[in-house]
Amino acid sequence: MAASRRRHATPGRIGRVGRQAVPRPRVIMALVLLLGLVCTMLLDGYLRAEVGNDQRVRSNASADTVPDEVLEGGPILSFPGGTARSQSVPDKTIVLTFDDGPDPEWSEKVLDILDENDVPGTFSLVGSMISRYPDVVRRMVDEGDEVGVHTFTHVDLSYQSEARVKREIAQTQLALAGATGITTTLFRAPYSSRTDAIDDYSWPVYQRLGAMGYTSVFIDTDSEDWQLPGVSKIVEWATPEDGEGASVLFHDAGGDRSETLAALPEYIKKMKAKGYTFTTVSGAQQQAAAAAGETGGDGNGPARAGSAQGDAEQAAHRTADTASVWEGRALLAAVAVAEWSVPALAAVLAVVGVAVLARFGMMLLLARRHHRQRNRRGFSWGPEVTGPVSVIVPAYNEKECIAHTLNSLAASTHPIEIVLVDDGSTDGTAEIAEALGLPDVRVIRQENTGKPAALNNGVRHARYDIVVMMDGDTVFEPDAVHQLVQPFADPGIGAVAGNAKVGNRSTMIGAWQHIEYVIGFNLDRRMYDLLRCMPTIPGAIGAFRRQAVLEAGGMSEDTLAEDTDITIALHRAGWRVVYAEHARAWTEAPASLGQLWRQRYRWSYGTMQALWKHRRSVTDRGPSGRFGRVGMPLVVLFQIVTPVFAPLIDVFTVYAMIFVDFRASLLAWLAVLAVQLCCATYAFRLDREKYRYLLMLPLQQLAYRQLMYLVLIHSCVTAATGGRLRWQKLKRTGEVGAPRTGAS
């Protein structure tokens, strides 16, 4: 940027320039949107943590601290008054327990079978599944079944800290309260079976939960339906010894439960034929208490002798307090958002991924064709252009760079006049230029009115039909002007884009921008050149027919991207815009992250303004319509939409590494990086750049690219909310010095 702006742009309608700086709340909004996306994905990943993902089993663990009466006792363990008490299921009684639900398919069908046979069930529920399928849990409670806690993420609590244990229980209760308005005193540990499997590691967990008022539920008989052994085996394995009561385990989720559904009606029919009755855990406790002559309850488990089934259910279920209900509903709402948004984002990711790969493919194919076409033996635009041209240099406070810029132009191999338009500089830029005493240099002073006005003033004072525009911080190679103007031998060409190179590439930020310029800018320009829809002539180096610029109304102040604006205007007027790869200019890129952010923010914002300004080209006919229906969609897709959603690739990669498959996800990310490296290598080869900078490509993808994403998101938020943006002068160092003759 060579000239400052006292004008500001507003893209609420992406229109003319306003007067306020970008308010900080919009920066916060962009960060909040990104944070919201990350939190949504983390929640979804937490909820979708695969059931059974922690299969660690301690072999030969001792049980020295576990009381014998617990190890040899019944499947219902409670701690009334702080003392462990085991209860057995009464004779001729079956407690049907189901683990790992709820599931929208299998649990619903299990409930249908229980309802048809008038049999209650006790369901040990995973909190994450409750959050995802609250309607199924609501049906369980409404139909008189009993529910218990099976942790939130189906984790083995004997391996977890006390805080994690409490969190797993509390989160499950919260989900249950939000879904049904109740909590429960029943608990079943994942990976648990009979009481004789309790060891010194798990026993403290049961003690802590007992002190919290929970009744732990074990089994006497395991149907082992999870093995899919066949209907007859499930029925056989779930049948206790004749006359004995049992807590029997089935599963209503966690895999294919088709055999469970087929076996369950037969099992119920068989046990009823043997004279068995079915009850819940609380019902079994009531019966056991009645048989023992107990007549009261202590709140840790039901103990009202002779009570009805409804009283037994009430003993396990508690009405949740209002705060818990609303917190639970908030959790369910957040889960619903995650359940909807993450698959939608995944679909968008698939589209973005295809678009990114398609862009790489197009760039490689068309760049190769462009290079071969323009560099083949005998290629010519027409008769060599040897006439003098005008070089316009707009400058505002460029004392560090202006001498280098003008000296590089003085070394030009092509005849030129230099028109320096000093845009109200206060640092002596004009005086430095005059003191150089270079021939064919005119210094024109004007009040500070902005770069477009400075360029227009230079065009008016230009003596020749071809004008070259550049920035005041840019250094031309000696043959740059000659190479740049050769395409004007074709009378249909109205403008030519040159090859802008980063001169201050010795720092990490400069090297990252160097890679970006070579890959993102110059490869893109080759592609757009062949498609005849070049969207931008870089401000650092570009040439125009003076007549074409004047017919288009000059450089407009409607946007902050006057170079994009004039380029699109020339397309719409029927002029062709091409790329001259051998016309090289060395520019000083921003040297700090803050300056880089401001520059790219302006570029992104200005591009959106220009596209909005020329939106009617989509429905135009002729050359204008060609750009509107070919160039504009490509620019919107590749420079706005794809980059905005491209962070999904990185976010989903991290998501997959944490929650899905680390190795496969890492390999996929490396594969995409390899594709980018191929594009980068080819781009560096075409531009004859040294490959050593490509060593920084992986780090650029991890750090620099994320910054560019945030800049673009920030620009989109500002545009969508009608914010205003002002020009900002970048600090110059003058590091880009003497003219160069090749890449470094």
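**Exercise 1.** How many residues line the second largest cavity, and which lie nearest its centre?

*Solution.* The model is predicted, so local features need pLDDT of at least 70 and side-chain atom pairs count only at pLDDT 80 or more, while totals for chains, interfaces and linings use all residues. Residues are numbered from 1 along each chain as its sequence is written, and side-chain values use heavy atoms, leaving out hydrogens and water.

Step 1. On a 1 Å grid over the protein atoms alone, a cavity is a set of points where a 1.4 Å probe fits but cannot get out; lining residues have an atom within 4 Å of a point.

Step 2. The lining of this cavity holds 13 residues, and Leu 455, Met 469, Pro 538, Gly 539 and Asp 563 lie nearest the centre.

Step 3. Two or more lining residues come from each of helix H15 (451-461), strand S17 (466-470), strand S20 (541-545) and helix H19 (562-572). Helices (H or I, at least four residues) and strands (E, at least two) are DSSP runs, numbered from the N terminus. S20 gives the largest share, 3 residues.

**Exercise 2.** At what angle do helix H3 and helix H9 pack?

*Solution.* Step 1. Axes are lines fitted to C-alpha atoms, for helices over the stretch in contact, and angles run from 0 to 180 degrees between N-to-C directions.

Step 2. H3 (residues 106-116) and H9 (residues 258-273) pack at about 10°, with axes 10 Å apart.

Step 3. H3 and H9 are therefore roughly parallel, a label for angles under 35 degrees.

Step 4. In the contact (heavy atoms within 4.5 Å), H3 contributes Trp 106, Lys 109, Val 110, Ile 113 and Leu 114, and H9 contributes Ser 258, Leu 261, Leu 264, Pro 265 and Ile 268.

Conventions. 1 Å grid on protein atoms, 1.4 Å probe; cavity = no way out; pocket = protein on both sides within 12 Å on 5 of 7 lines; lining within 4 Å. Parallel < 35°, antiparallel > 145°, perpendicular 65-115°, else oblique.
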